[in-house]
Amino acid sequence: MPSQIVSLVVNGERREFIAAPGATLLACLRESLGLIAAKRGCAQGACGTCTVLVEGRPEASCLVPVETVAGASVRTLEGVTAGGELDEVQSAFIDCFATQCGFCTSGMIMVAEALLERNPDPSEDDVIEAVSGNVCRCTGYRPIVIAIMEAARRRRERAVPR
Amino acid sequence: MTYRLAPIDTGAFAAERDDTGLTVVGSVVQRSDARGHVTGRTEFFEDVAPPRLAHLKMHRSARHHARIAGVDVTAALAVPGVLRVLTHADVPNNVYTVLKLIGVEPDDEPVLAVDKVRYLGEPVCAVIAETEAAALDGAAAVEVSYEDLPHVLDVEEALEEGAPLVNEYQGQNHFVYEGHHCRRIRFGDVEAAFARADHVFEWRYQSSPIEQAPVETTGCVVVPQADGRLRIHSDTQACFFTLDNTALILGTPFNRLRIVGGTVGGGFGGKVDVVVEPIACVAAMAVDRPVKFVYDRAEEMQVSSPRAAERIVIKDAVMDDGRVTGRKVTLYVDAGAYARHSPYGTTKAAAHLPGPYSIPNVWADCHCVFTNRTPSSAMRGFGVTIADFALESQMDRIARALGMDPLRLRLINAYRDGDVKAHRKIAEGTALVEVIQKAAELAGHDLPEDCRRMSSTTREGL
Ligand code: FES
Ligand code: FES
């Protein structure tokens, strides 16, 4: 099977690149497009640190053959910071000490973005459910759950017209 | 839901700050690297992508213990994309030990196996290829023929007469401490204490190896620079161990190497050994290209060095009133096939005995034992953590056997300032009594008045 040209809408921009057969979405983001926020922790769908949003849904990009999502819209952590401003999730992760080594952080934030998009007022159980596929070995999860709850609160407050 | 956003209780420290004029204690300081983490801009070693990057994968031992009868790399070299296959003959100083520079001897571990493998997963050949997939195929195509040797996987069996010799460089299945077969403590007379005791309690504790399991696996990218130096991007926790040991293994001056590190995607002690960098440097020099060597998840779980398994036997002489008058400890650290940091971890275990208690008679033998298991090494408080598990389990079991409050048992035996420890050091700055009192208060555990009046600086209540 020859390599093929794949096109994706990444963080709002159409990008084209050549993908070897079976290349994963993660490898293409990191190696072809230079988007390195998504990390490889296990390459087998077990750790969640490679999570990006495909059509708004969190996916373990290490398990996605890129040709199966050709044409789709993909959002990575780089897209969250567009314009250089931190959003509520990012600033809450800093304020709540929800990041230590930082290796899981990209995946955690993307999962949180998808959750808050779907459910602006999640319960603690909703948050725990949302991050349950993501491994963090540093922070002990509690600060991460707190940060996501806090981000939801800040985002709701901002949405209230004054 | 009520929760504290920052992990620091600013309220609890408020009074302390007012009294002392301290301005930093109890204040929230943002991590300097947090912004990079939440924007994805922190650069981990694997985010470095130099042009012409080649990939290294290891062919690993399929045996616990075997003589290598032959290594055939023909099929590996025939895999499309494979550039080179390295064996021990390609490594200038193939045998090393990681703590060499602080005087630990002997060199006992080959970078690549020579005539023997000593644990399942030991590196035998390094395959360098254009792509990671080709390197993996190449590594799988290496053929090693083995003559199996009897293996030993248990610390006490390894110390028995006639056990198979694991590590010829060490010469016996235990590390030798200044001519002694183990780290020892001899203080007072434990046997006399047992003879006089109201009770003698003896229990045995066993832990398993524990993998640190960082989310980022161990690895490095080595880039030959135009000036002839090698630049090593690594997730090591120990940049200078890496620099020193790699230079010694390569036989180059230290200034031929440059380490770019400090960003570690979780380590917890698992990234203190020097394992990936030396062979990646040899590879980068062999093909004169940048080389990446990163563990996959299975390698991280199987061959990166875990916390050592320990076996600990504690025998205590105890009086009816709860005083522990003698403690005899026999402790075995399973170093696996090579020393790495385990001789040091075993010394730490010995230094920690008999726990934070004033016990007038102490005897300890702490053995650092070689077995045909994955070499163990550092992990958060190694040597101390498992010893503490055993010591504090022992204290709880004694308290239960005596029908005594476990906190009272600890308070009666806790070090006070001025006590002589088993290592013949005078205890100073002790605080166990106060810590227990405070913990009891926070936990709502009612301590009787005499326990509440105890102090680390007086002998009140003893
Ligand atoms: S790298 Fe994709 S889930 Fe771990
Ligand atoms: S912050 Fe290190 S793994 Fe989550």
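This is a predicted model: local features need pLDDT of at least 70, side-chain atom pairs count only at pLDDT 80 or more; totals for chains, interfaces and linings use all residues.
Let's start with the empty space. Rolling a probe the size of a water molecule over the atoms shows where empty space is left.

| Pocket | Volume | Lining by class |
|---|---|---|
| Largest pocket | about 1,200 Å³ | 19 nonpolar, seven polar and 11 charged residues |
| Second largest pocket | about 480 Å³ | 13 nonpolar, eight polar and eight charged residues |

The largest pocket, at about 1,200 Å³, has 37 lining residues, and the closest to its centre are Ala27(A), Glu31(A), Arg40(A), His55(B) and Glu132(B). Chain A contributes two or more lining residues from each of strand 2 (13-19) and helix 1 (25-32), while in chain B strand 1 (54-60), helix 4 (132-141) and strand 14 (291-294) do likewise. If you want one element to look at, pick helix 1 of chain A: with six residues, it gives the most to this lining.

Now for the second largest pocket, with its volume of about 480 Å³. Its lining counts 29 residues, and those nearest the centre are Leu120(B), Gly121(B), Gln302(B), Val303(B) and Thr374(B). In chain B, strand 1, helix 4 and helix 9 (297-302) each put in at least two lining residues. Helix 9 of chain B gives the most here, with four residues. Seen by domain, the lining takes at least three residues from domain 2 (46-149 + 229-302) of chain B and at least three from domain 3 (183-210 + 306-453) of that chain.

A polar atom of the Asn173(B) side chain lies 3.1 Å from the backbone oxygen of Ala158(B).

**An exposed loop residue**

Ala226(B) also belongs to a loop, the one between strand 11 (219-224) and strand 12 (230-234) of chain B. Buried or exposed, then, is Ala226(B)? Ala226(B) has a relative accessible area of 90%, so it counts as exposed, for which the cut-off is over 50%. From Ala226(B) to Val282(B) there are 56 residues in sequence, and the C-alpha to C-alpha distance is 17 Å.

Note on methods
Residues are numbered from 1 along each chain as its sequence is written. Chains are lettered from A and ligands numbered from 1 in the order in which they are written. Side-chain values use heavy atoms; hydrogens and water are left out. On a 1 Å grid over the protein atoms alone, a cavity is a set of points where a 1.4 Å probe fits but cannot get out, and a pocket is an open set with protein on both sides within 12 Å along at least five of seven lines; lining residues have an atom within 4 Å of a point. Grid points are joined across faces, edges and corners, and a volume is the space filled by probe spheres set on the points. Ala, Val, Leu, Ile, Met, Phe, Trp, Tyr, Cys and Pro count as nonpolar, Asp, Glu, Lys and Arg as charged, and the others, Gly among them, as polar. Domain bounds come from an automatic or database domain assignment. A polar contact is a pair of N or O atoms within 3.5 Å; within protein, one must be able to donate a hydrogen and the other to accept it, and residues adjacent in sequence count only if both atoms are side-chain atoms. Buried means under 20% relative accessible area, exposed over 50%, partly exposed in between (1.4 Å probe, protein chains only).
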